[in-house]
Amino acid sequence: MANHAAEEKPLRKMAEAFKDLANTLNSQTLDEAAKMEVAPFSHACTLVSPLFRCLGIAFKFAELDYVAKVGDLAEASKSITTLHTMMDQDIQANCVRKAGSHTRNLLRVKRGLDMVKVLFEEIIAAEGNSLKDPASKAYTQVFAPYHGWAIRKAVSAGMYALPTRQQLMIKLNEDEDSARTQMQNYVASCETVISYIDKLFTSRDLGIDW
C-alpha cells in the first residue's frame with residue numbers, strides 16, 4: 001500500500017498528459033487544420049481533477065462543475081472523434097449556448113484548465129507558505145467574472161481553508177523542486193492547448209466570454 005502511495009504522482013501525470021496534447025498539436029500546425037481528438041483531451045482533463053480536490057472547500061464548486069463537464073466530454077468521445085467535429089455538430093443543431101451542450105461544456109473545462117495554469121504561475125512566482133494569494137489571483141482572473149455574488153462570497157470564505165504550500169506538495173507527493181518543474185511543464189503545454197481551443201471558438205465567431 002505504501003508503495004502504491006509512493007507511485008501516485010497526480011501533478012506529474014497531468015503535466016505529462018498535457019505535454020502529449022501539446023506535442024500532438026505542435027506536430028501538426030497551430031491553425032484551423034490542426035485536429036485534437038476528444039478522447040485524449042478528456043482523459044488529460046480528468047487528471048486535473050485531483051488538483052481541485054487538493055485545494056479543498058474554496059474550489060469545491062469549481063471541482064464539481066469541472067468534473068461533471070469533463071465527464072460529458074468523455075461520454076461524447078465515444079461517438080465524436082474530434083473537438084472540431086463536436087463543435088460543428090452543436091452549431092448545426094443550434095445548441096452551442098444551451099446548458100449541457102458539449103461546446104458550452106468545453107468552454108467551461110477550458111476555463112478550469114486556465115485557472116490551474118494561472119494558479120501554478122502564481123505559486124511558482126510566490127514566496128512563503130501560504131496559497132491564499134496565488135489561489136485568490138487565479139480565481140479572480142479566470143472564474144470570478146462568470147460567477148454570481150453568492151459563489152464569489154463562498155469562494156472567498158473558503159480561501160482561509162486552503163492547504164499550505166507544503167501541505168499541497170505532500171498531497172501531490174512532490175518536493176518543492178520537482179513540483180516547480182512539473183508546474184512549469186503544465187503551464188507551457190496547457191498554454192498551447194488553451195490557445196488552440198480559443199481559436200476553435202473565435203474562428204467560428206462563438207466568442208469565449210460567455
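Rings of Phe, Tyr and Trp pair if their centres lie within 6.5 Å. Keep that cut-off in mind for the aromatic stops on this tour of a predicted model.

**Stop 1: aromatic rings**

Select Phe-18, Phe-120 and Tyr-186. These residues form one aromatic cluster. Across the whole structure, a search finds 6 aromatic pairs. One of them joins Phe-52 and Tyr-66, with 5.0 Å from centre to centre and 40° between the planes, a tilted arrangement. This pair links distant parts of the chain: Phe-52 sits in helix α4 (residues 49-54) and Tyr-66 in helix α5, 14 residues apart. Show the surface and check both side chains. Phe-52 is buried, and Tyr-66 is buried as well.

**Stop 2: the largest pocket**

Stay on Tyr-66, which is among the residues lining the largest pocket. About 210 Å³ of space lies in this pocket. To see the lining, select Phe-61, Ala-62, Asp-65, Tyr-66, Lys-69, Arg-108, Val-109, Arg-111, Phe-143, Tyr-146, His-147 and Ile-151. Which helix gives the most to the lining of the largest pocket? α5 does, with 5 residues. Both α5 (60-76) and α7 supply at least two residues. Colour the lining by residue class: 7 residues are nonpolar, 1 is polar and 4 are charged.

**Stop 3: helix α7**

Now select α7 (102-125). The helix is mostly covered, with 19 of its 24 residues buried.

**Stop 4: the largest cavity**

The structure holds 1 cavity of 30 Å³ or more. The volume of the largest cavity is about 30 Å³. Select its lining: Ile-123, Ile-124, Arg-165, Met-169, Glu-176, Ala-179, Arg-180 and Met-183. α7, α10 (165-172) and α11 (176-202) are the elements that give two or more residues to this lining. The largest share, 4 residues, comes from α11. By class, the lining has 5 nonpolar residues, no polar residues and 3 charged residues.

**Stop 5: the annotated span**

How much of the span is helix, and how much is strand? Residues 37-174 are 70% helix and 0% strand. The end C-alpha atoms of the span lie 30 Å apart.

Methods. Residues are numbered from 1 along each chain as its sequence is written. This is a predicted model: local features need pLDDT of at least 70, side-chain atom pairs count only at pLDDT 80 or more; totals for chains, interfaces and linings use all residues. Side-chain values use heavy atoms; hydrogens and water are left out. On a 1 Å grid over the protein atoms alone, a cavity is a set of points where a 1.4 Å probe fits but cannot get out, and a pocket is an open set with protein on both sides within 12 Å along at least five of seven lines; lining residues have an atom within 4 Å of a point. Grid points are joined across faces, edges and corners, and a volume is the space filled by probe spheres set on the points. Ala, Val, Leu, Ile, Met, Phe, Trp, Tyr, Cys and Pro count as nonpolar, Asp, Glu, Lys and Arg as charged, and the others, Gly among them, as polar. Buried means under 20% relative accessible area, exposed over 50%, partly exposed in between (1.4 Å probe, protein chains only). Rings of Phe, Tyr and Trp (its six-membered ring) pair if their centres lie within 6.5 Å; planes under 30 degrees apart count as stacked, over 60 as edge-to-face and the rest as tilted.
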